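I open this notebook to record what I looked up, entry by entry. The sequence and structure come before the entries.

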Amino acid sequence: MTLSGSHDGKPVLPPLRFLNADAGFGRTAKEIRPRHAFPAAETARAIPAGGRETPQARLLREWRPILARADVPEALARRAAVRAEAMGTRFAEELLASGEVAEADLYRAIAADLGLGFVDAVDPESVMADQARRLASLRDRHGLRIAMLGNADGTTTHLIADPGIDPAAIRALLAGTPHLRAGIRIAPPSALRAAIVERSTGRLLFDAQHRLLLQSPEFSARTVVSAWQGATAVAAVFAFLVLLWLAPVATTLAAHLIASAGFAACVVLRLLAWVEAGRLRPRPLPPADPARQPVYSVLVALYREKEMMPQLLAALGRLQWPRARLEIKLVCEADDDETLAALRGYRLPPTMEIVLVPPGLPRTKPKALAYALPLCSGEFVTLYDAEDRPDPLQLVEAWQRFCEEPPEVACLQAPLAVANGGASALSTMFSFEYAALFRGLLPWLARRRLALPLGGTSNHFRRAALDEVGGWDAYNVTEDAELGVRLARYGYRTGVITRPTWEDAPETLAVWLPQRIRWFKGWMQTWLVHMREPASLWRELGPASFLAVQITSLGMIVSALFHPVFVGSILYGVAKLAMAGEFAPGDAAIGAVALGNVVIGYAAFIALGLVTLSGIEKPRPLVFVALTPVYWLLLSLAAWAALWEIYRRPHHWSKTPHRRASRPAAPGR
């Protein structure tokens, strides 16, 4: 079921305050000022004291008895009227979007003024609408505005639960047909929506688990390895062991040369990206016209994130978007009691809705996102994680880019930046790696219209394209990378934007290692899924994108798996030289190949990272030179552990614990 933020009762945590439809939330009235407040003179002109009555004045006159019953301040009502006319929205929508009027209070006042009954809770089983209509209403911005309810005595009631309700129109209807009054009730839209969601839970869960599997089974990771892939892998391992026994030196050298191809491909890609890479430079944005801005849906998947709530709500509150056209879905597992208790301790704004995902396998983030997507009404959809602090103008930049680009651009990836890069050696290298990826590699691929792996957060989608390709794969543990490839196979492109999302890197091995194992496992899943039919992948992507996918998935996996082999070959050669004073020709060749791969691989990795870090993020370059060999060995450990996990528990999701940032990210870093 779905629970909207309630204004009833005392919150466990201090309530969040809202000044108007564009004010951020998570701050008190003394901490922020309205960003888009209308000047007093403009409001006075819109509602003059004398002369011809303006539409706004007439609207306020019609609503005045209701506003008095709901105790709505006149100044707030005037601002809402001005905004409704300017934005093309309804007066009630703007009143509720301000966050200063409780939905239940407003609709109770409407019912009392019209002389109609008021319903504050709706029995899900009483809603007389078929499944298709119920599901369609959940993704409609205004929902099921009028519903028929079946009563226990066999009669029916017409329930009006319209977010843009027009009391004047209802009053005129009742004046002409007063006999209808007995069969009409008023309810808050959230009450009817909650009933419909509860009634539809089973179907929503089934679709989240099986939609992609049923729609496009060739793209689902429910079955990780196809029959021919499994047979090929077994045959290759058997052949390698036999050849290693018959000709150990020649077989070892051949294996080194084959693995070198993966290393070389990654090196070349990094060097090509290095030529054009640069630091993080947010793009200046032209003024946005609020009247043109569509509904934007923000999904935030949460699991055991109690500690992150204050930081997360403050970060979401800084997003700049008209509040009447912003919907934020806080997607929680229904049995995650701690996170839900923390959320319910806040007086959540009307833009936010808690979505409860019922228990069911697989327990993954993409399944939760797939469950919540049918509840979204936005033309555009993005997702964030609990620890994210997105740039306040990120939605605006994404929308403006979508307006500039052709429809084939289905996704825009915002750069992810690390705020705690200097906290530990691991977080230092994590920030170095992220800078190279999001400021170097992904922009290079996007400029050439090549398929690219998405990051796990801050992806902005055209909703229509996301629906067409089947949404997220509930069984893939790096659903982001897989979705990037699938979009490309459908003929869509992914671009990048410049406004970043700041997050914190893992600071300890206990946190970093499970997360990286999951990532490697997901990349393996993605490669195996899309290589079930290599000829089809080649045909649908084209040669260039096909090669890019091989490098960014298989190449990175092979590099991580073989890195310790190369290091071992170098150490073996050095030890043998120290003891025997010379190399056998075969050993010399193996050592040379291994040394060349390691040195060139390190150099390309370090070069790309250094050119993308800003001065404040960059310690002495020798720090990265010293840490890279250790970091790469840890990556190899994660890759080998992922290889074992993909055999033992391919769909297991290792949760990454988060903690609040010690200091906020500076937007100008």
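This is a predicted model: local features need pLDDT of at least 70, side-chain atom pairs count only at pLDDT 80 or more; totals for chains, interfaces and linings use all residues.

Residues are numbered from 1 along each chain as its sequence is written, and side-chain values use heavy atoms, with hydrogens and water left out.

Entry on helix α17. I took helices (H or I, at least four residues) and strands (E, at least two) as DSSP runs, numbered from the N terminus. I counted as buried any residue under 20% relative accessible area, as exposed any over 50%, and as partly exposed those in between (1.4 Å probe, protein chains only). Eleven of the eleven residues of α17 (residues 479–489) are buried, so the helix is largely enclosed by the rest of the structure. Among them are Glu479, Asp480, Arg486 and Arg489. Just after α17, I found Gly491 with a positive phi of about 95°.

Entry on salt bridges. I looked up contacts with a side-chain nitrogen of Lys or Arg within 4 Å of a carboxyl oxygen of Asp or Glu; the structure holds 30 salt bridges.

In one of them, Arg448 pairs with Glu276, the closest N and O atoms being 2.3 Å apart. Arg448 lies in the loop between α15 (425–447) and β13 (459–462) and Glu276 in helix α10 (residues 248–276), so the pair ties together parts that are 172 residues apart in sequence. Arg448 is partly exposed at 34% relative accessibility.

I also found a salt bridge between Glu353 and Lys329 (2.4 Å, N to O); both residues are buried.
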